[in-house]
Amino acid sequence: MTKVLVTGATGFIASHTILALINKGYEVRGTARSASKAEKLNATLSQYAGKPIEIELVSADLTQDEGWAEAMDGVTYLQHLASPIPNNLPKDANELIIPAREGALRALKAAKAAGVKRAVMTSSFASIGYGWGDSRPSVLDERHWSNPDNIKDNTAYTRSKAIAEKAAWDYVQGDGAGLELTTINPVAVLGPAMSGDVSASLELITQPMMNKVPAFPKLTFGIVDVRDVALAHVAAMEKPEAAGERFLVGDAVLKFTEIGDILRAAYPDRKLPKGELPSWLVKMLTLVNPTLKQIVPELGKERSYSNEKSRRVLGIDYIPAKEAILASTNSLIDLGEL
Ligand code: NDP
């Protein structure tokens, strides 16, 4: 059986990627900061899949050398998903940038040393659509790169993703030559959560559903279902023509108020925020609700993009954004999180 190493195996997107790989007959090994999470992870995967699943989990931290060589032993493909994606931004951007960049390089160097054929790395739309200021193209795609140095149009998180992706491409074009690299650059990922330990992107659902904001901040989000992101990771690994390519993965762009309308129609008994929140008020609210700091660079902006390449090369037939929103919400209700 062909063995695939999935880093950050406990994560939201990684869990779905693991299932997509298993469904296609691959043997999966995962990494987590602590291998003691294996039992819980396998129980979660098995419960969601409705069949017994048992993957091997090994310890490897993005900030430490230990464990990476052992993790890569016997592996044909690397799926590198681990990267810090916090609910609340740290004061020092390096708390995200260093593990993202150095962790990616640790994983890629270990892959190269082990003779891995191809690495698929989960980058982000954050590496494409940020830091452009007034010169942002009206339709963004894989040819575009964010400018992480323009801190007004970035957060520490978006900077960490662009810096890490750039370092990965530089590596395979230099010392890492011979290791194939493909990046997946998703917009905000929604869809079914397998456990209550949810990714920061699901705040798009939990914030309004828990009525944590008085009205909707003036924001738009590109949305993609996690099940499509998982399929994109597998196709990026398998398709010969995907080597050396970036793929922007996303369905529709929706206003936050439109997400609210979808939720209000589906859950009429819930009290949800109404209307649009002035941007100055959002900035003030960050004092009491620090999670909102992540969205300050987004206020009033619409970053449109094309998903044509992912449909053409990876064969993704996108689950509509509305379905992703409702799948997230239903799963969080079932898990007792909402
Ligand atoms: P999760 O928070 O669910 O998963 C992140 C994973 O990264 C966790 O498994 C965590 O492992 C691991 N991780 C964090 N810090 C470290 C570290 N120092 N060492 C080792 N592992 C670490 O997030 P997602 O599933 O949403 O994100 C997965 C990837 O997708 C990330 O690279 C993220 O940037 C990217 N992405 C996500 C988007 C989204 O909307 N969710 C959009 C675009 C890109 P542990 O169990 O050890 O904590």
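Trainee: Which residue has a side-chain N or O atom 2.8 Å from an oxygen atom of the ligand?

Mentor: The residue is K161, whose side chain places an N or O atom 2.8 Å from a ligand oxygen; please bear in mind that the model is predicted. A polar side-chain atom of Y157 also lies 2.6 Å from an oxygen atom of the ligand. At L62 the backbone takes part: one of its N or O atoms is 2.9 Å from a nitrogen atom of the ligand. On its own the ligand has 890 Å² of accessible area, and the protein covers 90% of that. Helix 1 (12–23), helix 5 and strand 7 (188–190) are the elements that each contribute two or more residues to the shell around the ligand. There are 26 residues around the ligand, and those that come nearest are T10, R33, K37, Y157 and S199.

The buried residues of helix 4 include L96, I97, P99, R106 and L108. Helix 4 itself spans residues 94–113, and its 20 residues reach 27 Å from the first C-alpha to the last, close to the expected 28 Å. Just after helix 4, G115 adopts a positive phi of about 75°.

Key:
Residues numbered from 1 in each chain as written. Predicted model: local features only at pLDDT ≥ 70, side-chain atom pairs only at ≥ 80, totals over all residues. Heavy atoms only, no water. Helix = DSSP H or I, 4+ residues; strand = E, 2+ residues; numbered from the N terminus. Expected span 1.5 Å × (residues − 1). Buried < 20%, exposed > 50% of the residue type's maximum accessible area, 1.4 Å probe, protein only. Near = heavy atom within 4 Å. Polar contact = N/O pair within 3.5 Å; in protein donor to acceptor, adjacent residues only side chain to side chain. Areas by Shrake-Rupley, 256 points an atom, 1.4 Å probe, with all protein chains shown as cover.
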